[in-house]
Amino acid sequence: HVELVESGGGSVRAGGSLRLSCETSGWHYSMYCMGWFRQVPGKEREAIAAIDEDGRTVYAPSVKGRFTISQDNNKNTLYLQMNSLKPEDTAIYYCAAAYGLHVYGDWLYDRKEYNYWGQGTQVTVSS
């Protein structure tokens, strides 16, 4: 049974930083892609970053240079370091996992490609 649990969300002023964590359990695939998505009410869930088992990363243009996706050495925890936060970064953030996928170039997989999801964590950035 695969489970993903996010933490680290909260409220911050513009220009501040937050680090999100996503603890995984029951995950045993050797080839995979882990990603972070975000969603605001009335809009589609947006892919913003992904990392594969070899450490290749990809970012959406809206967060590139400000956000960093990483995983711990045991690959049990996924992180999203968010710096220089803007009010438009306000959203519910979700981590997700997909087996059998690699990161290729600048391609961000759509939500339909992911097999497992966390419950989400709210990030609010005030001006």
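Which backbone nitrogen lies 2.8 Å from a polar atom of the side chain of E6? The backbone nitrogen of C95 does. This is a predicted model, in which local features need pLDDT of at least 70 and side-chain atom pairs count only at pLDDT 80 or more, while totals for chains, interfaces and linings use all residues. Residues are numbered from 1 along each chain as its sequence is written, and side-chain values use heavy atoms, with hydrogens and water left out.

- E6 is found in strand β1, residues 3–7; strands (E, at least two residues) are DSSP runs, numbered from the N terminus.
- E6 is buried but has no salt bridge. Buried means under 20% relative accessible area, exposed means over 50%, and partly exposed lies in between, with a 1.4 Å probe and protein chains only. A salt bridge is a side-chain nitrogen of Lys or Arg within 4 Å of a carboxyl oxygen of Asp or Glu.
- The nearest side chain of opposite charge to E6 is that of R45, 7.3 Å away. In this count Lys and Arg are positive and Asp and Glu negative, and His and the chain ends are not counted.
- The side chain of E6 also reaches the backbone nitrogen of G120, at 2.8 Å.
- Residues that E6 touches include W36, Y93, C95 and G120, with residues up to four places away in sequence not counted. Contact means heavy atoms within 4.5 Å.

- The structure has one disulfide, where a disulfide is a pair of cysteine sulfur atoms within 2.5 Å.
- This disulfide joins C22 to C95, with an S to S distance of 2.1 Å.
- The torsion about the S-S bond of C22 and C95 is about 60°, so the disulfide is right-handed.
- C22 lies in strand β3 (residues 18–25) and C95 in strand β9, so the pair ties together parts that are 73 residues apart in sequence.
- C22 is buried, with a relative accessible area of 0%, and C95 is buried at 0% as well.
- C33 is in no disulfide, and the nearest cysteine sulfur, that of C95, is 12 Å away. C33 is buried too, with a relative accessible area of 0%.

**Salt bridges**

- The whole structure contains six salt bridges.
- One of them is between the side chains of E46 and R38, at 3.0 Å from N to O. E46 counts as partly exposed because its relative accessibility is 32%, whereas R38, at 8%, counts as buried.
- D54 and R56 form a salt bridge through their side chains, at 3.3 Å from N to O. D54 has 54% relative accessibility and so counts as exposed, while R56, at 36%, counts as partly exposed.
- The side chains of D89 and R66 also meet in a salt bridge, at 2.7 Å from N to O. This pair links distant parts of the chain, 23 residues apart: D89 is in the loop between β8 and β9, and R66 is in the loop between β6 (57–59) and β7 (67–71).
- Both D89 and R66 are buried.
- Through salt bridges that share partners, R38, E46, R66 and D89 are joined into one network.

**Nonpolar cores**

- In soluble globular proteins, nonpolar side chains tend to be buried together.
- A nonpolar core is a set of buried Ala, Val, Leu, Ile, Met, Phe, Trp, Tyr and Cys residues joined through side-chain atoms within 4.5 Å.
- The largest nonpolar core here has 28 residues, and those with the most contacts inside it are W36, F67, I69, L78, L80, M82 and Y93.
- Strands that each supply at least two residues of this core include β4 (32–39), β5 (46–52) and β11 (121–126). The largest share, four residues, comes from β9.
- Leaving aside neighbours within four places in sequence, L78 is in contact with residues including L20, C22, W36, I69 and C95.
- Another core lies apart from the largest one and has 12 residues, among them C33, F37, A98 and Y114.

**T77 and S84**

- T77 is found in strand β8, residues 77–82. T77 counts as buried because its relative accessibility is 13%.
- S84 is in the loop between β8 and β9 (91–99). S84 has a positive phi of about 50° although it is not a glycine.
- At 43% relative accessibility, S84 counts as partly exposed.

Key. A polar contact is a pair of N or O atoms within 3.5 Å; within protein, one must be able to donate a hydrogen and the other to accept it, and residues adjacent in sequence count only if both atoms are side-chain atoms.
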